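Good morning, and thank you for the time.

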Amino acid sequence: MSLTVVSVADRQETLPRIEQWYLEEWPGWYGPSGPGDARLDLTACLADPACLPSCLVALDAAAEPVGTVSLRTSSPGSDRYPGAWLTGLLVPPHKRRLGVGSRLVEAAEQEAGRLGFGEIHATTGAARSLLERRDWQCIDSMETRTGSLEIFRKPLGR
């Protein structure tokens, strides 16, 4: 699949679709009774392209959004390991297993490096194999209200 990954700041018309993906994928957090606000989280990524938070969107050959990922300084585990955190990695079910997630992780790594970070972290309960294929190392684990998460880190070349 031919993919281009860009900042949502450059493709703001994709924000409603990404917001809908958030609501569908994480209803316990972003749904009507959840504590999160998808629109607020996404619009925060538009403030300053020279710092975090940042949100990226993968576009297919027809320039249609097929996935998203964010970089933030806060995430479960960021109290233990401050810095850049890969968050909000989301590929709609019908676009999974096509390399979109891997390309988004790669783009997030590049963006964190561009912003001057020497490493990047992520917590996951489901994407372990994707991160390991990209040479991330599991360094810790933690319990949250929704279950156990593993904490991963990847040093970034500068």
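How many salt bridges does the structure hold? In this predicted model, the count is 12 salt bridges. As a general point, side chains of opposite charge can pair when their charged atoms come close.

Let me begin with Glu25 and Arg96, whose side chains form a salt bridge at 3.1 Å, N to O. This pair joins distant parts of the chain, 71 residues apart: Glu25 belongs to helix α1, and Arg96 to the loop between β4 and α4. Glu25 is partly exposed, at 34% relative accessibility, and Arg96 is partly exposed at 37%.

Next, Glu150 and Arg128 meet in a salt bridge at 2.2 Å, N to O. Glu150 has a relative accessibility of 23% and counts as partly exposed; so does Arg128, at 32%.

A further salt bridge pairs Glu119 with Arg153, with 3.8 Å between the closest N and O atoms. Glu119 sits in strand β5 and Arg153 in strand β7, so the bridge ties together parts 34 residues apart in sequence.

Strand β5 also contains His121. Is His121 buried or exposed? His121 is buried, because its relative accessible area is 1%, and buried means under 20%. Beyond its neighbours within four places in sequence, His121 contacts several residues, among them Tyr81, Trp85, Trp136, Phe152 and Arg153.

Finally, I would draw your attention to Glu109, Arg134 and Lys154, which a network of salt bridges links.

Note on methods. Residues numbered from 1 in each chain as written. Predicted model: local features only at pLDDT ≥ 70, side-chain atom pairs only at ≥ 80, totals over all residues. Heavy atoms only, no water. Helix = DSSP H or I, 4+ residues; strand = E, 2+ residues; numbered from the N terminus. Buried < 20%, exposed > 50% of the residue type's maximum accessible area, 1.4 Å probe, protein only. Contact = heavy atoms within 4.5 Å. Salt bridge = Lys/Arg side-chain N within 4 Å of Asp/Glu carboxyl O.
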